[in-house]
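Hi,

Here is the structure I promised to pass on to you. Have a look at it first, and then read on for what turned up.

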Amino acid sequence: MPGISKRRFLQLAGLSISDRILPSLSAAEPAASRADNKVILVTFGGGVRYSETFAPEGLHNIPRLVGLRPQGHFFRSCINAGVLSHFNSTASIVTGNWQRVDDFGFQPPAGATLFEQFRKQTGAGPLDAWTVATNKSFANMGWGSDRALGQPYGANVVLPKQLLLEAVQDVVKQGSAGGVADRDSVLRRLEGVLDSGYEGIGWTIFQGGRKLDRQVRETLIRGLVEYINGPEAPTSGDELTFFITREIMREFKPRLMLVNFWDMDVAHWGSYSLYLNAITRTDRLTGMLWDEVEANPAYRGKTTVLILPELGRDGDINAANGFLNHRSGDPSCRNTWLLALGAGVPRGETDRPVHHVDVAATAAGLLGVKAGEIAGVPLRELLL
Amino acid sequence: MPSTPKLPDGLPISFAAFTSDQMKDWGLLFPAERSYFERLFKLLDRTPLAEVDDLFGPLREIERGMGIDEKTFPKSQFTLAQVDFLNRNPHYPEWRAAVAQIFARLDPVLDSEVARAGHARLVVVVAPSDLPADPDRMWMRIRQRGKRIAVDAPENGNEFLPLLLTGKPRSAGAPTIGQLFAAGKHGGPYTSWIVEAGSTLSPLGAPAAAVTSYSYEALAPYRKRLMGEVQKIVEAQETPGPRQLSARLKQLKILASEGSVAKDPILAEFARAILLSGNGTLLINNTFVEWATLQAVRRARPSVAVIGFGIRNKVKPFSSLLIYEDQDATNPIPSQMDTLGSYVDLEIFYQYIWQEFQKYAEYRANTAYLFVGDGMEEMLAVAPPDFPLLATPGPLPLPAVFGHLKDWLGV
């Protein structure tokens, strides 16, 4: 059994130690030169309401973000004024334009994405821009429809949960005695899926063809091993997203990443407690991602992390079915928040409304590239 | 079977498409739904033409700007394609506002007709006995709207619900409050409902009474077949997306062997719609109860509704990846009850259910809501001031509560 190694265990433990002993560098440290800057966009995918996060009654669900808020810049009103579907919402974030393409990801985002602008203008390589997401429709999130750019300049898109899905379904079909409770069986199948047919599960690793680049494969396997053999039963797709993201950061040190957590979309199942648990888990994983930024020399002091919900969810009053859905267009769906952390981010809070499309413009500015003709405008508070 | 009424001429295209789509299976609509459309059309018919033009003018204008025409909105068609068209259109918020404005003018007139024909109604919401909370921690989101009433809970917990809902011990087989209403002067088919997670409420009372009943547990054969069918459809990859999947799911009707509601086409279609269009209704018992209740209110407007929640199971590893698999078969770890999670889930559902009833004129001024914990020594009553329980000192024996409910409903 490829269990967790002593070294990996120590690394895990080391992360928690570093949280306590390393000084916080973010607030005091000025931004490095733009050529070295890194940007990580973290979205609470699936959607989360203010009332379960930064509203007074929701703060207990997000202890890590509440703790990080004073270290960063908090935008109290970040508005999603676009189509309230998952794909269009996130596509608006990465393009800087309100997207009105197919809700289920059957079309790429209209125009160019931030990933393409970044890679084209800086000459960054294919390992320098990544999207780690959950929803299968996000396979098309790496590049847009602009023919002058497109796939050659796009981001690698990794959908870890789709990989897991494939493996778990195989285990079920094979009728293993332990079912999906048999972690070894699931892991063996995961590795098998990586060896064959990863294209069918949404992977768009830069090397074409059926074989994964060896380095990429090994990186992903490490993330999978940590996930499967973690201290708790692996129940969360977002934990896998986190482990894969962290391995990518450690191995390839990309300058631009989108990490789309997704567990909270369990709200559609109609269980408020599962939705709250997922929010708290995403908060914890986002905190761990920040810990990695602080602990990893390739990121510390030169990385800006922008954290925001992809969208809200319907309000409790007069909506079709409250937290279960996110299409009503009421303020609870549209009014979210944005927390900026890291390099060049002055501490503070802003009341003026900003928008999801401003994220791409801001990230472009932080990376020292031009965003092109987009609706979003850079957040002046972050680009001093 | 009454025939589908003719759509009034000159309606805005999207309004007409939506309305005719809603009416296209006229025979599968509840009487309350048919009554609504008939009253709506009569109202439009008797309204002067200039006023009708004034009512629909803003929506027509917005439709033009959105590119809504007979091609994008074919007659009698309002599918996911049209929903998608609206959602992605930059003028969608204006469209929604214009539609809301139309109903803001129509609804008061229609509501006043309903209110004139109003009668007392009753909603009983039962929390399961396994819930780990005492009355001080129950109904936190709505308790300020009502009054907690002390009751004498029987020593034998199994008798709590029979005494509350029939006034007699279980062995007496006395009719329930819902059955009495259904047989009374305001009763009839679809007027009295039971929606429950388990199978504790449905067997109470006299057999073969005209109460509409849905149980998540009793629908297990249908649910499991649906999950299997959906899994097959997804695995076969013959349906490229949700739109196509939706069309396939419409064909998966309940079989006679899978539940008594199969005998009634209206109730059979309601069961299918609840299980296949309400996100987690196939997977979580309490989601089924909440969504089925909301849909019953929206569509059937029951006069008496008894709603029984349960305890949902804890989520097993990977279950979010195996949505349509039998969780007991895929994972040998025994299922465990999630009592705390269920408590959190129900606290918000009490609010949603109360709100949904209160949206409709039928319920606003004449409905008594009893929020009950099975075996609990207090219940919450949210009701008009003349609901007799509000003025009665407790603790009350459950047969006395039943007596007050009977008086309230006039049965």
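Predicted model: local features only at pLDDT ≥ 70, side-chain atom pairs only at ≥ 80, totals over all residues.

A:Phe75 stands opposite A:Thr350, a residue of strand β8 in chain A. The pairing belongs to a parallel arrangement in which three bridges join β2(A) to β8(A), the strand of residues 348–350.

Strand β2 of chain A has other partners too. With β7 (residues 335–342) of chain A, β2 (residues 73–79) pairs in the antiparallel sense, over five bridges. In that pairing, A:Cys78 has A:Thr336 of β7(A) as its bridge partner. With β9 of chain A (residues 354–355), β2(A) pairs in the parallel sense over two bridges. There, A:Ile79 is the residue that stands opposite A:His355.

Now to chain B and its domains. The contact between them draws on 11 residues from domain 1 of chain B and 12 residues from domain 2 of chain B.

Which elements give two or more residues to the side of domain 1 of chain B that touches domain 2 of chain B? They are α2 (31–46), α4 (80–88) and α5 (92–116) of chain B. By residue class, that side of domain 1 consists of eight nonpolar residues, one polar and two charged.

I hope you enjoy exploring it!

Best wishes

Definitions and conventions: Residues numbered from 1 in each chain as written. Chains lettered and ligands numbered in written order. Contact = placed C-beta atoms within 7 Å. Helix = DSSP H or I, 4+ residues; strand = E, 2+ residues; numbered from the N terminus. Nonpolar A, V, L, I, M, F, W, Y, C, P; charged D, E, K, R; others polar. Pairing = 2+ DSSP bridges.
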